[in-house]
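Subject: Structure handover

Hi,

Here is the structure I promised to pass on to you. Below it are my notes on what turned up.

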Amino acid sequence: MTFDFRILPIMLAFVALAFAPAADAQNRLGNTELNVPATLLAESQQVQAGQSVTLAFLMEPKPTWHGYWENPGDAGIGMSFDWKLPAGVSVSKAQFPVPDTLLISGIMNYVYKGDYAVLVNLTLSKDVRPGPLPISVKSEWLSCTDEICVPEQDELSITLQVVGNQSATSQDKRFNDFRAALPRALGSDASFAVNDDLFRLAVPLPANVQIDEPYFFIKEDGIIDYAAPQKFSRNGDQLILETGARGDDRDSISGILKIGDHMGLLFTATKGDVAMAGLPLINDGAKSQASSSLLFLALGGAILGGLLLNLMPCVFPILSLKAISLAKAGGQEADVRRDALAYTAGVILVATALGAILLGLRASGAAVGWAFQLQDPRIIFVLLALVTAIGLNLAGLFELPNVNFGNKLTRKDGAAGSFWTGALAAFVATPCTGPFMAAALGATIVLPPIAALIIFAGLGVGLALPFLLIAFVPAIRSRLPKPGPWLDRFRKAMAVPMFLTSIGLIWLLGRQIGTDALGLSLIFLLIVALVLWWFGGGQMRGLSRGALTSAAMVAAVIGGILALPGEAAMDDRKLASASGATVPSEPFSERRLSELRASGQPVFAYFTADWCITCKANEAAAIQRSETAEAFAAAKVAVLMGDWTRPDPQISRFLEQHGRAGVPLYLYYASGQEPVILPQILTVATLTELVTGPLKTARLEATPQ
């Protein structure tokens, strides 16, 4: 066996670290002199007894320097921690973000070249008393460039405050970004086999999951040849890895499968059979072709989903405006086509703009998803004022030749009115999620931004498609009714669904901000109605009150927005407990889900929002039914509910992990089985058969006895 002199600098660094006196090293390696300086942060400076708080080692390598993952690869040193903790305080194992590879002269290193954060969870027993809580740790790590390595260490400390159970705690929002860089739990076990010098690994991963330059980072040393090429192939819903083996025999291993830039899946693999290697992962050219195929499939789903969206209850009130506009056109070809194209332009522009805002927020690190706009009570209040004004206008309380606000835009004659009607329809309609939309919008998570925007535009095309057919298919257009006295009666009738929409928005606003704040907001909404009533009365007497009405409307809307509670107050407010529901549930968290699955208990997890019509319909028709409750109780099914009414980064990330850009999402975890993603339209039979029907029987027959 020959000695590899390429690792000599690292070995010398090991020796230096081992023999350097701690005090001298601390003086020599003051934090300002470190090449990879560390800072100890807490997600919250306040913590309650019996609770946990997350700490972060924020590592900031200088240019050309890098740090190491917990398994450094062929050479290097993983990070170590020597804690000094008060009585009643314990600390978890460190969690590292997804690393990168660095191959130097045939030596493979697992490193971090930019800033990164290592997380630990600090847990307090219930016996810890209120007051200062000093935490200190001595940490050691190796810092390297491509040419030299330097062992480094630092003594870090932070003082937290233990507070009472009723005390408020503030959160450091940077920890959302820190957690986003961690690998996500795969939730399924892989299998591996070692045959002479060949290591083979089978990872369960659906074939539709997009993968970009995969790499397997193994935590255990001595199993694989780090520098050997890793060859990946597909065998159905399994990803197969083949690489060099070193021969260390173990029954189980763990590691991270990198599937994209700073994206990875954390899993455990046990020794067992590995499927035959399948089709090699596609090269860049074929990958581009596959992305194109995914784009066309997602675009088709978006168009079809947008078309079906016209049938959703949240869309019908706005469509009434367009129905009146088409009836006014009287079947004249040029007018109908002009209005339909303008309407389509408004729909597509707003749908694409909402998609662009969503992509921009994600790129900035925010954990948001589809329908994010209805998570903001200020937007809901503006929409409530607008829909109420439209309803009063349709009911004949006033006309809009002079008032310059959004409602006027939708009531203009010609292309401008059709454009703004389409814009309003898209703004109200797109938060709904109907059939075919979930997969299409989920594709926007993995596709490039331009392709994602095309899908959002396709959703708008589907929403406007009925009116395009009316405009450009003479057989359909000829069936449009002619204008007449019926039109005024129809217009007044369409005020009813508008007012029903207002009632729904009032309920939604109350769920988000509470009844006290809602009452104050409704006062300003009443002012809006009174201003419009005063304006309509002036119209009947031939008085011009447009400018004053516009000013009063703007003041009332701004006043209603200012009356809303602050962001912190809304975040602290919790929605009413679901314990009194027909099917009681617990608030969703990934930790609670893991605990229930580890105990072997089946779990039904559903993700909903108060502004999601599909969600509420499913809850009323299928979830909150006595038959479902009895079946779940008999099978001891735990129910977790993820409420996305207000922004929740944890739920947003979980939705993304399952290829969803919004709600609803329904998952069933049978004991020891893979999770089943249920359809977006639920029935009682769909849920009860999970524990009593053919699906349950098939699982039992497939389970080894």
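Let me begin with a charged pair: R246 and D74 form a salt bridge, with their closest N and O atoms 2.7 Å apart. By salt bridge I mean a side-chain nitrogen of Lys or Arg within 4 Å of a carboxyl oxygen of Asp or Glu. This pair links distant parts of the chain, 172 residues apart: R246 sits in the loop between β17 (238-244) and β18 (252-260), and D74 in the loop between β4 and β5 (80-84).

Before going on, please note that this is a predicted model, in which local features need pLDDT of at least 70 and side-chain atom pairs count only at pLDDT 80 or more, while totals for chains, interfaces and linings use all residues. Residues are numbered from 1 along each chain as its sequence is written, and side-chain values use heavy atoms, with hydrogens and water left out. Helices (H or I, at least four residues) and strands (E, at least two) are DSSP runs, numbered from the N terminus.

D221 lies in the loop between β15 and β16, 25 residues from R246.

The cut-offs are under 20% relative accessible area for buried, over 50% for exposed, and partly exposed in between (1.4 Å probe, protein chains only).

The count comes to twelve salt bridges. Another of them pairs K219 with E70, at 3.8 Å between the closest N and O atoms. Here K219 is in the loop between β15 (215-218) and β16 (231-235), while E70 belongs to strand β4 (residues 67-73), 149 residues apart. K219 is partly exposed, with a relative accessible area of 25%, and E70 is partly exposed at 25%.

R545 lies in the loop between α15 (515-540) and α16 (546-562). Is R545 buried or exposed? R545 counts as buried because its relative accessibility is 14%. Its side chain reaches the backbone oxygen of W534 at 2.7 Å. Leaving out residues up to four places away in sequence, R545 touches W534, F535, G537 and G538, where contact means heavy atoms within 4.5 Å.

Now for the nonpolar cores, which are sets of buried Ala, Val, Leu, Ile, Met, Phe, Trp, Tyr and Cys residues joined through side-chain atoms within 4.5 Å. The largest has 62 residues, and those with the most contacts inside it are L509, F604, F607, V663, Y666 and L687. Helix α7 (residues 377-394) gives the largest share of this core, nine residues. Apart from it lies another core of 61 residues, including L124, L186, F217 and I259.

Four strands form an open sheet with mixed pairing, in the order β2-β11-β10-β5; two strands pair if DSSP finds at least two bridges between them. β2 (46-48) and β5 stand at the edges with a single partner strand each, so one side of each is left without a neighbour in the sheet. β2 and strand β11 (residues 149-163) run parallel and are joined by three bridges. Within this pairing, Q48 has V163 in β11 as its bridge partner.

Best wishes

Note on methods: Polar contact = N/O pair within 3.5 Å; in protein donor to acceptor, adjacent residues only side chain to side chain.
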